[in-house]
Amino acid sequence: MIEQLNQLEQDGLKALAATDSAEAVEAWRIEYLSRQGQMPKLMEGMKDVSKEDRPVVGKTANRVKIALQQAFEVRQAEYALAGPGLPEDTSLPGMPVAAGSVHVVQQTLDDMISIFRKMGFALAEGPEIETEWKNFDALNTPEDHPARNEQDTFYLNLNEEAKEGRMLLRTHTSPVQIRTMLKQKAPLKIIAPGRCYRRDEVDATHGMFFHQIEGLVVDKGIHLGHLKGTLEYFFREFVGPEIVVRFRPHFFPFTEPSFEADMGREGLKIRGKDWVEIAGCGMVDPAVFESVEIDPEEYTGFAFGIGVERMAMIRHEIPDLRLFYDNDIRFLSQFR
């Protein structure tokens with residue numbers, strides 16, 4: 001009987017493959033699987049199988065029945081998908097499908113990373129959920145600094161007894177610099193791109209989150225001229241050779257001296273202004289090196305941070321930051 005079952009399986013599958021319509025598939029089902037079909041009729045012979053052989057024969061019969069049923073369902077689905085009235089001319093063109101594209105902010109970030117990679121910067125990444133120590137303390141930010149206030153930073157809990165303080169959504173990508181210096185030590189040359197979060201009022205130039213790319217160079221003999229040359233080269237590559245960059249004294253807890261970098265075009269305005277603030281930067285404060293056990297007497301370095309959305313706004317002359325995240329296809333489709 002096992003041979004009969006195997007032969008029925010071969011014949012049934014061959015006959016099913018030869019069907020050329022939904023009606024023919026249904027006729028096949030009646031022929032093989034209906035109550036009066038070949039498979040049930042063959043199973044009537046089980047009563048004559050010896051008790052010793054019945055388990056093996058039953059297993060084979062079950063396998064054949066499942067194989068025929070599954071093959072039938074697949075064939076039936078093929079004709080169901082084709083549907084009634086399918087045109088015979090299969091050379092007709094299909095319906096056009098609109099293709100997506102990379103978001104304009106991601107395009108900008110990719111271009112920025114490409115320029116820095118050509119300058120020899122390695123890519124470093126870190127988590128968006130950080131500890132208070134890596135986000136503030138290791139970066140020489142005092143406890144009474146306004147940025148540490150709960151009105152400015154998204155804290156995830158109030159566990160004051162944690163080893164590195166409370167958990168929070170990082171306010172900048174500087175913690176990646178701390179992580180890298182703890183792991184690799186000096187010398188190093190990295191960029192740290194990613195998303196950051198702050199409790200800002202949402203308006204044309206501010207949001208609750210933004211993208212940033214930070215850079216860090218640590219080695220022996222690094223000085224301010226290296227920082228200025230790096231940023232000037234980057235902005236001229238990104239925007240154009242006519243760009244002029246100026247540096248204004250500023251204050252950041254993690255750099256000393258610190259600067260704000262402004263960009264302008266000679267004889268032209270950018271977003272209606274002669275100068276536009278584009279980056280914060282400075283020489284790494286010795287206290288930061290001490291927190292990661294790098295000798296500030298042996299090594300010096302510089303760091304900078306650039307807002308990605310701001311660079312996209314300048315490049316494409318976009319007046320309102322919120323346009324990036326309104327998900328208006330009419331706006332986003334301009335940047336394919």
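1. Two strands are said to pair if DSSP finds at least two bridges between them. Helices (H or I, at least four residues) and strands (E, at least two) are DSSP runs, numbered from the N terminus. In E7, Gly 264 is the bridge partner of Val 244.

2. This is a predicted model, in which local features need pLDDT of at least 70 and side-chain atom pairs count only at pLDDT 80 or more, while totals for chains, interfaces and linings use all residues. Residues are numbered from 1 along each chain as its sequence is written, and side-chain values use heavy atoms, with hydrogens and water left out.

3. The protein contains eleven helices and nine strands. Seven strands form an open sheet with mixed pairing, in the order E1-E4-E5-E9-E8-E7-E6. Its edge strands, each pairing on one side only, are E1 (122-123) and E6 (243-252). Between E6 and E7 (residues 255-265) the pairing is antiparallel, over nine bridges.

4. The radius of gyration of the protein is 34 Å, whereas a compact globule of 336 residues would have one near 20 Å. This radius is taken over C-alpha atoms, and the globule rule is 2.2 Å times the number of residues to the power 0.38. The C-alpha trace spans about 100 × 55 × 40 Å along its principal axes.

5. Of the 336 residues, 40% count as buried, that is, under 20% relative accessible area (1.4 Å probe, protein chains only). Among contacts (heavy atoms within 4.5 Å) with a separation of 6 or more, 65% come from residues 24 or more positions apart.

How values were computed: Buried means under 20% relative accessible area, exposed over 50%, partly exposed in between (1.4 Å probe, protein chains only).
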